[in-house]
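Welcome, and take a moment to look around before reading on. The structure comes first, and the walk through it comes after.

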Amino acid sequence: MRLQALSGPHRAVLALGSNLGNRQENLQGAIDALADTPGIRVNVVSPLYITEPVGGPEEQPEYFNAVVLVDTFLPPDMLLDRVHAVEEAFQRVRKEHWGPRTLDVDIIVYGDEVSNDPRLTIPHPRAHERAFVLAPWVDADPDAEIPGHGRAADLLAKLGTTGVERRDDLELRLPE
């Protein structure tokens with residue numbers, strides 16, 4: 001068992017995705033589970049997006065994606081343990097790289113921290129290349145920045161939003 005001191009709070013950005021099962025319920029369930037975690041406060045939930053799969057096998061269903069902004073007292077590796085536990089609670093199976101999944105929760109940034117730890121690279125190594133992360137993140141925080149890469153809005157403008165559709169008719173909510 002690892003013992004670590006809690007510190008903070010630190011602002012973290014978590015990207016959520018689901019393309020199996022009831023995708024909207026999976027994302028809302030993840031938001032609720034994160035909010036029920038001691039040491040995590042969910043502050044902002046982005047609008048929901050429907051996006052085309054990136055990588056992985058052909059013929060995957062479209063993804064539902066969102067971003068949540070949290071304040072946390074958990075250190076990065078404890079936050080990673082918690083997001084993995086949330087994924088497992090939704091029967092996340094890791095058998096195929098970029099394969100379909102009931103739930104994916106990625107830590108995109110953790111404060112201004114930069115780490116190349118093989119278990120958890122911060123910022124997320126591909127976030128700056130992914131419109132399905134950047135679009136909801138810019139909606140949630142228009143001034144967002146990825147350490148070492150720049151403003152999320154500028155990165156999104158360069159990438160474009162082909163295959164990324166905001167769905168205002170589908171809503172995710174902040175936990176009460």
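Predicted model: local features only at pLDDT ≥ 70, side-chain atom pairs only at ≥ 80, totals over all residues.

Residues are numbered from 1 along each chain as its sequence is written, and side-chain values use heavy atoms, with hydrogens and water left out.

**The chain as a whole**

Let us start with the overall layout. The chain holds four helices and 10 strands; helices (H or I, at least four residues) and strands (E, at least two) are DSSP runs, numbered from the N terminus. Along the sequence, these elements follow the pattern β-α-β-β-β-α-β-β-β-α-β-β-α-β. The chain has 176 residues, and 47% of them count as buried. Here buried means under 20% relative accessible area, exposed means over 50%, and partly exposed is in between (1.4 Å probe, protein chains only). Among contacts in the chain with a separation of 6 or more, 72% are between residues 24 or more positions apart; contact means heavy atoms within 4.5 Å.

**Two pairs of helices**

Two packed helices are described by the angle between their axes and the distance between the axes. The axes are lines fitted to C-alpha atoms, for helices over the stretch in contact, and angles run from 0 to 180 degrees between N-to-C directions. The table sets out both pairs.

| Helix pair | Axes come within | Crossing angle |
|---|---|---|
| H1 (residues 23-35) and H2 (residues 76-89) | 10 Å | roughly 140° |
| H3 (residues 131-140) and H4 (residues 152-159) | 9 Å | roughly 135° |

The axes of H1 and H2 cross at roughly 140°, which makes H1 oblique to H2. Angles under 35 degrees count as roughly parallel, over 145 as roughly antiparallel, 65 to 115 as roughly perpendicular and the rest as oblique. The crossing of H1 with H2 is right-handed. A crossing is left-handed if the near helix is turned anticlockwise from the far one by less than a right angle, and right-handed if clockwise. Where do H1 and H2 meet? Ala30, Ala33 and Leu34 in H1 meet Arg82, Val83 and Val86 in H2. By class, this contact has five nonpolar residues, no polar ones and one charged. Ala, Val, Leu, Ile, Met, Phe, Trp, Tyr, Cys and Pro count as nonpolar, Asp, Glu, Lys and Arg as charged, and the others, Gly among them, as polar.

In H2 you will also find glutamate 87, which counts as buried at 1% relative accessibility. Its C-alpha atom is separated by 9.9 Å from that of alanine 33, 54 residues apart along the chain.

For the other pair, the axes of H3 and H4 cross at roughly 135°, so H3 is oblique to H4. H3 passes H4 in a left-handed crossing. On the H3 side, the contact is made by Ala131, Leu134, Ala135, Trp137 and Val138, and on the H4 side by Ala152, Ala153, Leu155, Leu156 and Leu159. The residues of this contact divide into 10 nonpolar, no polar and no charged.

Is H3 itself buried or exposed? Nine of its 10 residues are buried, so H3 is largely enclosed by the rest of the structure. The buried residues include Phe132, Val133 and Pro136.

Leucine 156 lies in H4 and is buried, at 12% relative accessibility. Leaving aside neighbours within four places in sequence, leucine 156 is in contact with Ala131, Leu134, Ala135, Val138 and Thr161.

**Residues in the loops**

Asparagine 19 sits in the loop between strand S1 (10-18) and H1, and counts as buried at 2% relative accessibility.

Glutamine 60 belongs to the loop between strand S3 (49-51) and strand S4 (63-72). Glutamine 60 is buried, at 12% relative accessibility, and its side chain makes a polar contact with the side chain of tyrosine 63 (3.4 Å).

Finally, glutamine 91, in the loop between H2 and strand S5 (104-110), is exposed, with a relative accessible area of 57%.

Conventions. Polar contact = N/O pair within 3.5 Å; in protein donor to acceptor, adjacent residues only side chain to side chain.
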